[in-house]
Amino acid sequence: MHEWSVADAVIRTVVNWASENHVTQVKKVKVGIPSFSFLDVEILKEAFDTMKGDSPLDKAELEVVFKDPIFKCRNCGLTFSLKDVSDQLESLKGEFGEEYPLHLMPALAPSFLKCPRCGSHDIVAETQDITIDGIEVEESGTAQTVG
Amino acid sequence: MEPLRQLAKEKLRGKKAIAVMSAKGGVGKSLVSALLALSLRGAVLVDLDVHTMATTKLFGLEDKLHEVTKNGIEPFKLGELGVVSLGGIVKDKYVVLPGGNAGEVMESLVAYANLGDANYVVFDLPPGLGDEVLTLERLTDFFPVVVTTPSAVSVKVVEYVMRYLNEREKRPLLVVNMAYMDCGDDKVARPFGDLKNAEDLAKRYNAPVVELPIDPSLESYIGKVHEYDGVVKGKVKKELVPYLT
Ligand SMILES: [Zn+2]
């Protein structure tokens with residue numbers, strides 16, 4: 001269900017961007033999502049298609065790219081990937097079920113994942129929350145990359 | 001482009017945001033937030049004090065998880081009041097976050113919450129001047145309610161918050177919690193000191209002051225603060241709410 005909120009955030013942001021940049025027709029929106037949020041792409045696309053109507057996005061397609069974060073422990077310096085903490089992630093999903101904390105808020109990662117070497121929670125993730133990584137517009141037919 | 005921030009800003013647009021702040025813990029900030037939100041018509045209380053999550057304890061919502069629908073994270077309903085808390089996302093887990101993440105978590109909480117047609121959003125902020133205050137400034141033009149007790153140390157510490165708000169050209173309301181106890185026969189006791197320090201502070205920053213009494217019976221409403229209708233709530237309704245409506 002949380003996918004609907006994410007789609008809402010993406011649509012509103014792009015609609016705003018379009019109005020500021022006088023863009024009338026968006027072809028494609030490229031969205032980056034932290035992989036450990038395990039958002040369901042099908043539901044996200046369905047939500048996007050349902051809510052995009054009556055806007056410069058009404059013909060837009062959603063492209064989802066899952067970002068695998070690289071974590072760095074600020075205590076011992078270890079750099080590790082999601083795969084190194086997959087057991088922690090699995091037990092979290094088991095405990096909370098579908099709407100588990102990192103699904104709703106990837107920024108909570110340091111609270112729920114710890115360094116596999118020293119156990120510290122003082123970790124930083126390189127990729128954070130959802131980002132809009134590119135918008136393709138009708139006018140020029142070329143992809144524009146936006147922050 | 002930051003989708004989270006965008007959505008959070010839009011969710012707050014057209015609503016009056018009230019930030020209940022303090023420089024010090026233990027001054028009853030969460031209780032003031034709760035009673036204030038309960039006294040406003042159509043309010044959502046957003047608990048941003050992720051380290052204590054006193055709000056969930058006041059309302060007896062520990063271990064309850066927020067329902068998530070197509071409209072977002074559904075606030076807990078207590079009569080007309082909606083309550084949103086990180087506690088409803090993380091249960092009884094501790095929350096330890098680097099600074100940047102704290103702001104992001106807060107933006108997520110506002111962005112994804114279903115604030116519906118609430119007129120007021122009351123934010124219970126953690127003590128001090130941290131990421132939560134800066135994040136809230138990015139999201140909305142909030143009205144600050146600064147909570148202190150009469151004690152000299154509390155007033156001194158709260159001055160930092162007053163000075164900061166003053167520099168940001170915000171005019172806060174100063175609430176002196178636990179200011180006095182009604183002893184009958186027009187007598188009041190002031191066990192935490194007289195009002196002089198707080199009044200001087202308010203004068204210096206041109207802020208109105210509201211005093212809230214001590215009510216020993218409040219203790220028995222921890223876990224069901226929404227059922228409380230005693231003297232403190234009466235004062236909040238009569239003297240605090242008019243500044244905000
Ligand atoms: Zn480590």
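H1(A) passes H2(A) in a right-handed crossing. I start there, and one caution goes with it: this is a predicted model.

Let me place those two helices. H1 covers residues 2–20 of chain A, and H2 covers residues 41–51 of chain A. Their axes lie 8 Å apart. The packing angle is about 50°. Which word describes that arrangement of H1(A) to H2(A)? Oblique, because of that angle.

Now the side that H1(A) brings. Here we find A:Glu3, A:Trp4, A:Val6, A:Ala7, A:Asp8, A:Val10 and A:Ile11. You get 10 nonpolar, 1 polar and 3 charged.

Let me step back to chain A as a whole. Chain A has 5 helices and 7 strands. Their order along the sequence reads α-β-α-β-β-β-α-α-α-β-β-β. The C-alpha trace of chain A spans about 50 × 30 × 20 Å along its principal axes.

Next, the metal. Which protein atoms are the donors of the zinc ion? They are the SG atoms of A:Cys73, A:Cys76, A:Cys115 and A:Cys118. These donors lie 2.3 to 2.4 Å from the zinc ion. The angles among the 4 donor atoms run from 104 to 115°, and the site is tetrahedral. Along the chain, the donors follow the spacing C-x2-C-x38-C-x2-C.

A:Cys73 is in strand E3, residues 70–73 of chain A. A:Cys115 is in the loop between helix H5 (109–112) and strand E5 (123–125) of chain A. The two are in parts 42 residues apart in sequence, so the pair ties those parts together.

Over to chain B. Helix H1 there covers residues 3–12, and helix H5 covers residues 99–112. Their axes come within 8 Å and cross at roughly 50°. That angle makes H1(B) oblique to H5(B). Is the crossing of H1(B) and H5(B) left-handed or right-handed? It is left-handed.

Who makes the contact? From H1(B), we have B:Leu4, B:Arg5, B:Leu7, B:Ala8, B:Lys11 and B:Leu12. From H5(B), we have B:Glu104, B:Glu107, B:Ser108, B:Val110, B:Ala111 and B:Tyr112. The residues of this contact divide into 7 nonpolar, 1 polar and 4 charged.

Notes. Residues are numbered from 1 along each chain as its sequence is written. Chains are lettered from A and ligands numbered from 1 in the order in which they are written. This is a predicted model: local features need pLDDT of at least 70, side-chain atom pairs count only at pLDDT 80 or more; totals for chains, interfaces and linings use all residues. Side-chain values use heavy atoms; hydrogens and water are left out. Axes are lines fitted to C-alpha atoms, for helices over the stretch in contact, and angles run from 0 to 180 degrees between N-to-C directions. Helices (H or I, at least four residues) and strands (E, at least two) are DSSP runs, numbered from the N terminus. Angles under 35 degrees count as roughly parallel, over 145 as roughly antiparallel, 65 to 115 as roughly perpendicular and the rest as oblique. A crossing is left-handed if the near helix is turned anticlockwise from the far one by less than a right angle, and right-handed if clockwise. Contact means heavy atoms within 4.5 Å. Ala, Val, Leu, Ile, Met, Phe, Trp, Tyr, Cys and Pro count as nonpolar, Asp, Glu, Lys and Arg as charged, and the others, Gly among them, as polar. Donors are N, O and S atoms within 2.8 Å of the metal (3.2 Å for Na, K and Ca); water is not among the atoms, so sites may look incomplete. Four donors count as tetrahedral if all angles lie between 85 and 135 degrees; four count as square planar and six as octahedral if opposite donors are over 155 degrees apart and all others between 65 and 115; anything else is irregular.
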